[in-house]
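Student: I have a protein model open and I'd like to learn how to read it. Could you walk me through it?

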Amino acid sequence: MPLDPRVQAFLQAAQAASTPIHEQTPEQARQEMLAQTHMLGPGEAVANVTDASLPGPGGDIPIRIYQPDVRTPSPCLVYFHGGGFVIGSIDTHDGMCRAMANGAGIIVISVDYRLAPEHKFPAAVDDAYAATCEIIRRAEQLGIDPQRVAVGGDSAGGNLAAVVALMARDRKGPELAMQLLLYPVTDANLETRSYLEYAEGYMLTREAMGWFWNHYLTDPAEREHVYASPLRAADLSKLPPALVITAECDPLCDEGDAYAERLKQAGVRVAYTCYPGMIHGFIRRAKVLQDGRKALEQISQALRATLAPETI
């Protein structure tokens, strides 16, 4: 399957206007991602959007709550943004969260976890788990149903969602209803077929992922830790059902596929889709890429079917 022509045009424009991320400082890369986000335009209107914070292991964790006009207590998606553990924020993924809240008809809470290199592994993991626990503890106050809470994220955020699901199982709670993993980072192995085949020229590069991992981890030995590389976990059983979405022309495609397969082998209910001709991050760019809109519709349907089946 060749690269989608609309993606090709997008890539040519994007590459002409940006500096390779591995040549930037983390702060420069954060500002560039934010500027690129502004170019996508405003997100959908949601009935109620509120910024708040939760107590975390390293101080307050900022969150953004998206509450469409739905009956409460509502199902909830706790969402972790992508950005290689180094860049990204609740602002860069505001549009996605608005679309998912409206599309699924549920409350979405976006978590602004601590970023590397200022806060190395496992700071992001600790924040993600702590925020999920605190959201469920405050379920009544937030208007959510604690029995219908999912975790989700894209790229590095997909890693955090998968890891929070593992931690919740290992630590005997909280109970989660679903995991939404969008082109997730699942392994610190940069030698897969997709890493080598799509090493450069497809938005996310192999060199950029090396840059991200080097900023995120203190010691290369941490690549083996299952809360950094969940694909390396010996046991993936007794985890919540998963929707895993990957993009064909993405260095991370193979590890997302492998994680979905490992989950299935462990007896977890998994729905898996690889979008042909698509690149990493295509869902966040749904305004310019038709398959991004298609994926958002798939995500919304899966969230409704799993968390709020009575609305189908």
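Tutor: Helices (H or I, at least four residues) and strands (E, at least two) are DSSP runs, numbered from the N terminus. Here, β1 and β2 run antiparallel and are joined by nine bridges. They make a hairpin, with two residues between them.

Student: Before we go on, what kind of model is this?

Tutor: A predicted one, in which local features need pLDDT of at least 70, side-chain atom pairs count only at pLDDT 80 or more, and totals for chains, interfaces and linings use all residues. Residues are numbered from 1 along each chain as its sequence is written, and side-chain values use heavy atoms, leaving out hydrogens and water.

Student: What is the average pLDDT of the protein chain?

Tutor: pLDDT is the predictor's confidence in each residue, from 0 to 100. The protein chain averages 95, and 98% of the residues score at least 70. Confidence is highest in β6, at 99, and lowest in helix α1 (residues 5–16), at a mean of 79. Where pLDDT is low, the predicted coordinates should not be read in detail.

Student: Back to strands. Which residue is the bridge partner of S53 in β2?

Tutor: Strands of a sheet pair through backbone hydrogen bonds, either parallel or antiparallel. For S53, the partner is P62. β2 also pairs with β4, in the antiparallel sense over four bridges, and there Y66 stands opposite V108. For a parallel case, look at β3 (residues 74–80) and β5 (residues 144–154), paired over six bridges. F80 faces G153 of β5 there.

Student: In what order do the eight strands form the open sheet?

Tutor: Follow β1-β2-β4-β3-β5-β6-β7-β8, with mixed pairing. β1 (48–56) and β8 (270–279) each have a single partner strand, so they stand at the edges with one side left without a neighbour in the sheet. Neighbouring strands are turned by 20° against each other on average, direction ignored.

Student: Which strands does helix α3 lie across?

Tutor: First, some ground rules. Contact means heavy atoms within 4.5 Å. Axes are lines fitted to C-alpha atoms, for helices over the stretch in contact, and angles run from 0 to 180 degrees between N-to-C directions. Helix α3 (residues 94–104) lies across β1, β2, β3, β4 and β6, at about 45° to β2. Helix α9 (residues 253–265) packs on the sheet too, touching β6, β7 and β8, and its direction makes about 170° with that of β8.

Student: What volume does the largest pocket have?

Tutor: Picture a 1 Å grid over the protein atoms alone: a pocket is an open set of points where a 1.4 Å probe fits, with protein on both sides within 12 Å along at least five of seven lines, and lining residues have an atom within 4 Å of a point. Grid points are joined across faces, edges and corners, and a volume is the space filled by probe spheres set on the points. For the largest pocket that comes to about 740 Å³. Of its 37 lining residues, the closest to the centre are I21, M203, L204, T205 and A208. Helix α8 (206–216) gives the largest share of the lining, five residues.

Student: And which helix gives the largest share of the lining of the second largest pocket?

Tutor: That's α3, with five residues. The volume of the second largest pocket is about 480 Å³.

Methods. Pairing = 2+ DSSP bridges.
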